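Dear colleague,

I am passing on the structure we talked about, and below it I have set out what was found in it. Please read the notes with the structure open beside them.

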Amino acid sequence: MKQFFDFFDNFDWHSVAVDKSHTMLLYGVILSHKPKTILEIGIGSGFVTKTIQYAINYNQMGKLTSVDSWHDWQGKEPDHIPQLREMGVNIISPIPEQEFVNSCNEKFDIIVVDGDHQRGGLWADKVLSLLNGGGFLFAHDVDLPQYKTLKNYITLSNQNNYFNHTFKENSREDEWCHRGWLMINKTI
């Protein structure tokens, strides 16, 4: 766990979008839930990817599959990806999010959605179908008005009577919690 906290304390926070408190929530859920399979849609800076992998390492169980199209890098694999592979992350790329989701037959205990913000919610029903019963889904930026389709995760969760909560309160000037970090528990 020390390795994670050293990484967490020394990370360049200007290069990530998911807030510290939301990342800690994800880390704690993984430590507590003991997932066997985790899907991350959208790697970005790799901060959340590393957080998930550190939790898997601590639990001594689980496998992370991360998917990205490299859209933010003009289709080229970013420099930090080889390190994620060395850590044990199964990276599937370059593949458009919708294509992966529509072709995936695997189920996951935890899913983290932080990929295509403009259209990603259009296939939210398919993403939720990839989540095992009792599993957790996290979606980032659901409270930003410019990403309207991401609200589909909340709508679908409510329609299916799944527990959901959007964490969006800031208490410090250096937080970005207001962007919205949705947590869904696919109750069975």
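Please keep in mind throughout that this is a predicted model.

The residues lining the largest pocket divide into 14 nonpolar, nine polar and nine charged. The space in this pocket comes to about 600 Å³. Its lining is made by 32 residues, and those closest to the centre of the pocket are Gly42, Asp72, Asp114, Gly115 and Asp116. If you wish to find the pocket by secondary structure, the elements that give two or more residues to its lining are β1 (37-41), α3 (47-59) and α5 (97-103).

The sheet

Seven strands form an open sheet with mixed pairing, and their order across the sheet is β3-β2-β1-β4-β5-β7-β6. The edges are formed by β3 (90-92) and β6 (163-167), each of which pairs on one side only. From one strand to the next, the twist averages 15°.

As background, strands of a sheet pair through backbone hydrogen bonds, and they may do so in a parallel or an antiparallel way. In this model, β4 (residues 108-113) and β5 (residues 131-140) run parallel and are joined by five bridges, and within this pairing Val112 has Phe138 of β5 as its bridge partner. β5 also pairs with β7, here in the antiparallel sense and over five bridges, with Leu137 having Ile184 of β7 as its bridge partner. β7 is in turn joined to β6 by five bridges, and these two strands run antiparallel; in this case Asn164 stands opposite Ile184 of β7.

Strand β7 deserves a separate look, since five of its five residues are buried. In a regular strand the side chains alternate between the two faces of the sheet. In β7, Trp181, Met183 and Asn185 point one way while Leu182 and Ile184 point the other way, and all of them are buried.

The helices across the sheet

Which strands does helix α2 lie across? Helix α2 (residues 20-33) lies across β1, β4, β5, β6 and β7 (181-185), and it runs at about 165° to β5. Met24 is placed in helix α2, and with a relative accessibility of 29% this residue counts as partly exposed. Between Met24 and Val48 there are 24 residues in sequence and 9.9 Å in space, taken from C-alpha to C-alpha.

Helix α7 (residues 151-159) lies across β4, β5, β6 and β7, and runs at about 150° to β6. Ile154 belongs to helix α7, and it counts as buried because its relative accessibility is 18%, where the cut-off for buried is under 20%. Leaving aside neighbours within four places in sequence, Ile154 is in contact with Val142, Asn164, Thr166 and Leu182.

Backbone details to check

Most residues other than glycine have a negative phi, and most peptide bonds are trans.

The peptide bond from Ser93 to Pro94 is cis, with omega near -20°, and Pro94 is placed in the loop between β3 and α5.

Gln60, although it is not a glycine, has a positive phi of about 60°. Gln60 is found in the loop between α3 and β2 (63-67), and it is exposed, with a relative accessible area of 74%.

Asn161 is likewise a residue other than glycine with a positive phi, near 60°. Is Asn161, in its loop, buried or exposed? Asn161 lies in the loop between α7 and β6, and it counts as exposed because its relative accessibility is 65%, where the cut-off for exposed is over 50%.

With best wishes

Methods: Residues numbered from 1 in each chain as written. Predicted model: local features only at pLDDT ≥ 70, side-chain atom pairs only at ≥ 80, totals over all residues. Heavy atoms only, no water. 1 Å grid on protein atoms, 1.4 Å probe; cavity = no way out; pocket = protein on both sides within 12 Å on 5 of 7 lines; lining within 4 Å. Points joined across faces, edges and corners; volume = space filled by probe spheres on them. Helix = DSSP H or I, 4+ residues; strand = E, 2+ residues; numbered from the N terminus. Nonpolar A, V, L, I, M, F, W, Y, C, P; charged D, E, K, R; others polar. Pairing = 2+ DSSP bridges. Axes fitted to C-alpha atoms, helices over the stretch in contact; angles between N-to-C directions. Contact = heavy atoms within 4.5 Å. Buried < 20%, exposed > 50% of the residue type's maximum accessible area, 1.4 Å probe, protein only.
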